[in-house]
Amino acid sequence: MLLTVKRLGCFLPLSLSLIGTVSPADAACARPYVVLGSPGGANLYAEPGGVGGFLPELVALVGRRSGCSLRVELLPPERLIALAEVAEADILGNVSRGRTIPTDRDFVAAAQLPVEFVVDRRRGIQSPQAVLGASGALVGRMRRGAEPTEVRAFFDALAPENIDQSEDMDTLARKLAAGRIVGFFGTPLYYRHSTESAGLGDNARGWPFKAQPYRIGWSMLHARVAPADRAVSRKTLEALVRSGEVDALLARHAGKGQPAP
């Protein structure tokens, strides 16, 4: 199996230990596929010589079990969304979805992740509701991030001047560490590592927020991934979920999530 990451126009090897290689003649899928992901928390992050996180390890595991040739490509969020909207993407890795799925792709659920309101514990904020109506309090928001209905309702209750938008989780974490915002919504898989890289360490505190969990998994676009290959990938990923291996990966990277539906 070939697993690489493309960043700034060049391919770099991932720093993962892979078992064996699948030749094109032996591959279970008709061709190699690219799994797209954006930097974010412990799910996917750049590191010297490649990338690390939950997504690259899950891709490697799916590739080994299915016999398909897969590689991870790291893209900014806006670029990833633009490619998906014009059907120029193969697989979107660990995207967050609601209960509706576009008809141009298959979505395979991997896990459900709890929603938390992330704060710097040194500021003494005890709940998300504590910032509602607080004078001058800025709450961070991902510009095009997936949000459960309850999170959208929270932002609807805020005045526009109390919302500070960012492009990615790393930026939200840096703003929190600098005291520019009082908190932001996320889930451990998507904020851990970002908060650590921002220097928050154990001072990052996630308060539980009553909302539908983030439902993450792989979206495989019909225009790019053959039906038989979608079936192989679905079967492999669902088997990994049932066996508890996806849950074990989640626990290692970001704590235990909720089982996929």
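His253 belongs to helix H8, residues 245-254 (helices are DSSP runs of H or I with at least four residues, strands are runs of E with at least two, and both are numbered from the N terminus). Leaving aside residues up to four places away in sequence, His253 touches Ala42, Gly53, Phe54, Glu57 and Leu189, where contact means heavy atoms within 4.5 Å. The model is a predicted one, in which local features need pLDDT of at least 70 and side-chain atom pairs count only at pLDDT 80 or more, while totals for chains, interfaces and linings use all residues. Residues are numbered from 1 along each chain as its sequence is written, and side-chain values use heavy atoms, with hydrogens and water left out.

Turning to the protein as a whole, its secondary structure comprises eight helices and 14 strands. Of its 261 residues, 49% are buried. Among contacts between residues at least 6 apart in sequence, 78% join residues at least 24 apart. The accessible surface comes to about 12000 Å², and carbon and sulfur atoms account for 52% of that surface (Shrake-Rupley method, 1.4 Å probe; for residues, only the protein chains shown count as cover).

In soluble globular proteins, nonpolar side chains tend to be buried together. Here the largest nonpolar core has 57 residues, and Leu58, Phe185, Leu189 and Trp218 have the most contacts inside it (a nonpolar core is a set of buried Ala, Val, Leu, Ile, Met, Phe, Trp, Tyr and Cys residues joined through side-chain atoms within 4.5 Å). Helix H1 (residues 54-66) gives the most to this core, with six residues. Beyond the residues up to four places away in sequence, Leu58 touches Asn94, Trp218, Leu237, Leu240, Val246 and Leu249. Another core, of 12 residues, lies apart from the largest one and includes Val34, Leu80, Val95 and Ala109.

In helix H2 (residues 77-85), the buried residues are Leu80, Ile81, Leu83 and Ala84. Seen down the axis of H2, these residues fall within an arc of 160 degrees, so they line one face of the helix (the arc is that of the directions from the helix axis to the C-beta atoms). They pack against strands S3 (33-37), S7 (91-97), S8 (105-113) and S14 (214-221). After H2 comes Ala87, whose phi is positive, near 55 degrees. In H3, the buried residues are Val151, Phe154 and Phe155. Their arc around the axis is only 95 degrees, which puts them on the same side of H3. Their cover includes S10, strand S11 (163-166) and S12.

The largest pocket holds about 1000 Å³ of space. Of its 44 lining residues, Val95, Ser96, Arg144, Gly145 and Ala146 are the closest to its centre. S7 provides the largest share of the lining, six residues. On a 1 Å grid over the protein atoms alone, a pocket is an open set of points where a 1.4 Å probe fits, with protein on both sides within 12 Å along at least five of seven lines, and lining residues have an atom within 4 Å of a point. Points are joined across faces, edges and corners, and the volume is the space filled by probe spheres set on them.

Finally, Lys210 sits in the loop between strand S13 (204-208) and S14, and at 80% relative accessibility it counts as exposed.

Notes: Buried means under 20% relative accessible area, exposed over 50%, partly exposed in between (1.4 Å probe, protein chains only).
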